[in-house]
Amino acid sequence: MSRSGDTPGPRGDLPRRTARTTAYGRDAHRENGTNEAVVHELAITQSVVDAVCERAAGRPVRSVVVRVGVLTAVVADSMRFCFDLVTEGTVAEGALLEIDQPPGSARCRTCGVEFALADLIPLCPCGSADVRVTSGRELQIVSMKVG
């Protein structure tokens, strides 16, 4: 039985799923809107795991600590879920992922006050939008334990 978006497989008998029907396909986002955040975290997490595995140089990875600021729009629970998926079959399989999420903060260039940023709209309590974000945009691997 063929589903919408399926194309014949290489032998012509079994359907091959296309981007329209895959869980992470771009069109799937438009249809149900549920996987968009997971795709963002999946790509970021894959990059983290690739870097960790390269640095591990074949040694088993026990834990990884990453710093992901709240202004990066990365959902920590989604990143943890993706970490378990992308580490399968790698030297990081079974590793513990610890996520440090520093809050957002900014300094106003108009009035000089430093203030917390709860969302991605940097607006000073004085009303000025002329601000410099000082934290919350971090996305880095802090440490890893191997061996």
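Biologist: Which residues does Ser-105 touch, not counting those up to four places away in sequence?

Modeller: Keep in mind that this is a predicted model. Ser-105 touches Glu-114, Phe-115, Ala-116 and Leu-117, and also Arg-132, Val-133, Thr-134 and Ser-135.

Biologist: Where is Ser-105 placed?

Modeller: Ser-105 lies in strand E5, residues 104–108.

Biologist: Is Ser-105 buried or exposed?

Modeller: Ser-105 has a relative accessible area of 14%. The cut-off for buried is under 20%, so Ser-105 counts as buried.

Biologist: Which side chain makes a polar contact with that of Ser-105?

Modeller: The side chain of Ser-135 does, at 2.8 Å.

Biologist: New topic. In what order do the strands of the three-stranded open sheet come?

Modeller: The order is E4-E3-E8, with mixed pairing. Strand E4 (96–100) and strand E8 (139–146) are the edges. Each has a single partner strand, so one side of each has no neighbour in the sheet.

Biologist: What does the twist average from one strand to the next?

Modeller: The average is 15°.

Biologist: How many bridges join E3 to E8?

Modeller: Seven, and the two strands run antiparallel. E3 covers residues 61–68. Val-64 sits opposite Met-144 in E8.

Biologist: Which helix packs on the sheet?

Modeller: Helix H3, residues 76–86. H3 touches E3 and E4, and its direction makes about 160° with that of E4.

Biologist: And what holds strands of a sheet together in general?

Modeller: Strands pair through backbone hydrogen bonds, either parallel or antiparallel.

Technical notes: Residues numbered from 1 in each chain as written. Predicted model: local features only at pLDDT ≥ 70, side-chain atom pairs only at ≥ 80, totals over all residues. Heavy atoms only, no water. Pairing = 2+ DSSP bridges. Helix = DSSP H or I, 4+ residues; strand = E, 2+ residues; numbered from the N terminus. Axes fitted to C-alpha atoms, helices over the stretch in contact; angles between N-to-C directions. Contact = heavy atoms within 4.5 Å. Buried < 20%, exposed > 50% of the residue type's maximum accessible area, 1.4 Å probe, protein only. Polar contact = N/O pair within 3.5 Å; in protein donor to acceptor, adjacent residues only side chain to side chain.
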